[in-house]
Amino acid sequence: MEQIAESELILNSRGALYHLDLLPEELASTIITVGDPERVRTVSKHFDKVELLRQHREFVTHTGYIGNKRISVVSTGIGTDNIDIVFNELDALANIDLATRTIKANPVSLDIIRLGTSGSLQADIPVDSFVVSTHGLGLDNLLPFYVYENTQEEGNLLEAFNTDVALVEGSANPYLVSASEKLAAEFTNGFFKGITVTCPGFYAPQGRVLRGALANPQLIDDLTTFGYDNHRITNFEMETSGIYGMGRVFGHHCLSISAIVANRIAKEFSKDGAAAVERLIDHALRVIAVLP
Ligand SMILES: O=P(O)(O)O[C@H]1O[C@H](CO)[C@@H](O)[C@H]1O
Ligand SMILES: O=c1cc[nH]c(=O)[nH]1
């Protein structure tokens, strides 16, 4: 087996992963990711027992139990560049022998669920509601750096998107990956479902104008009206495509669920986004605690 060099698989003085500062035994196989480091505590306050608290940079991890279910909650910070770091290091903790620096013979699949916030692109998906992402459609540039495969359905959907949604040349190289069907089947009651567009920014890449003019002024209209078969785009945010994409690369089961804090069609923002996130966490943990 080929050894992974010290410059590629980087371990700190504890022998832990470079950015997450975690050892393999400190990570559960059911993982919740959140963008905001402070949201980690909002999740772990529901744990019956917390066995590990760790922080390095914006990456905070709490590992503990709800009943018999061992869960880690990890903050990713914002954006798919951070998802690249977090997912490579989570996967290394599970599937690389850190002592020998070799890939383990029988890789394991983790269950990874994002509990985040998002902006709605549909008038009928109001602020404070919850959306399960059936697909992550990336306008960011992470996944094209990896080798991965698309299903026929994903290829068709992406082709339809590229035909219908014209982005100014050079602004994006869209990609699309679907959610874990196994996990999505557990989250049905109380959730809208649809395609989530992941953007490489919060302002112009999501059609927001403060002082910078938009190169793609028709973006929101095009995303809102896009349809293919029975699919539509429900929302956008900044991590889902990277999560689904890295899940595909490594063979992990991934699901992204968002509390809607903005409705870009009604031009509304939630009066209490923190309360919506608390409700989402409460609801999702009831399901996660009893995942098979
Ligand atoms: O609330 P989180 O999980 O960070 O998710 C959303 O909020 C951030 C932008 O405000 C981006 O990370 C976006 O994806
Ligand atoms: O509009 C929004 C709200 C939350 N997060 C985003 O990325 N966009």
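How many of the 8 residues of strand β3 (residues 59-66) are buried? Of these residues, 6 are buried, so β3 is largely enclosed by the rest of the structure. A residue counts as buried if 20 or more other C-beta atoms lie within 10 Å of its own, as exposed if 12 or fewer do, and as partly exposed in between, with C-beta atoms placed from the backbone.

## Basis of the model

This is a predicted model, in which local features need pLDDT of at least 70 and side-chain atom pairs count only at pLDDT 80 or more, while totals for chains, interfaces and linings use all residues. Residues are numbered from 1 along each chain as its sequence is written, and chains are lettered from A and ligands numbered from 1 in the order in which they are written.

## Overall fold

The protein has 7 helices and 14 strands. Helices (H or I, at least four residues) and strands (E, at least two) are DSSP runs, numbered from the N terminus. With a radius of gyration of 19 Å, close to the 19 Å that the globule rule gives for 292 residues, the protein is as compact as a globular protein of that length. The radius is taken over C-alpha atoms, and the rule is 2.2 Å times the number of residues to the power 0.38.

The C-alpha trace spans about 50 × 40 × 40 Å along its principal axes. Of the 292 residues, 44% count as buried. Among contacts between residues at least 6 apart in sequence, 77% join residues at least 24 apart; two residues are in contact if their C-beta atoms, placed from the backbone, lie within 7 Å.

## Strands β2, β3 and β4

Strand β3 pairs in the antiparallel sense with strand β2 (residues 49-56) over 7 bridges, and with strand β4 (residues 69-75), also antiparallel, over 6 bridges. Two strands pair if DSSP finds at least two bridges between them. Leucine 53 stands opposite histidine 62 in β3, and isoleucine 66 has lysine 69 in β4 as its bridge partner.

Both pairings are hairpins. The one formed by β2 and β3 has 2 residues between the strands, and arginine 57 in its turn has a positive phi of about 50°. The hairpin of β3 and β4 also has 2 residues between the strands, and there glycine 67 takes a positive phi near 60°.

## Positive phi in two loops

Arginine 101 has a positive phi near 60° and is not a glycine. Arginine 101 lies in the loop between β5 (96-97) and β6 (102-103). With 17 other C-beta atoms within 10 Å, arginine 101 is partly exposed.

Aspartate 229, also not a glycine, has a positive phi of about 50°. The loop that holds aspartate 229 runs between β11 (227-228) and β12 (231-237). Aspartate 229 is exposed, with 9 other C-beta atoms within 10 Å.

## Ligand surroundings

Around ligand 1 are Val34, Gly35, Asp36, Ile78, Gly116, Thr117, Phe202, Glu237, Met238 and Glu239. A residue is near a molecule if its C-beta atom, placed from the backbone, lies within 6 Å of it. This shell has 4 nonpolar, 3 polar and 3 charged residues. Ala, Val, Leu, Ile, Met, Phe, Trp, Tyr, Cys and Pro count as nonpolar, Asp, Glu, Lys and Arg as charged, and the others, Gly among them, as polar.
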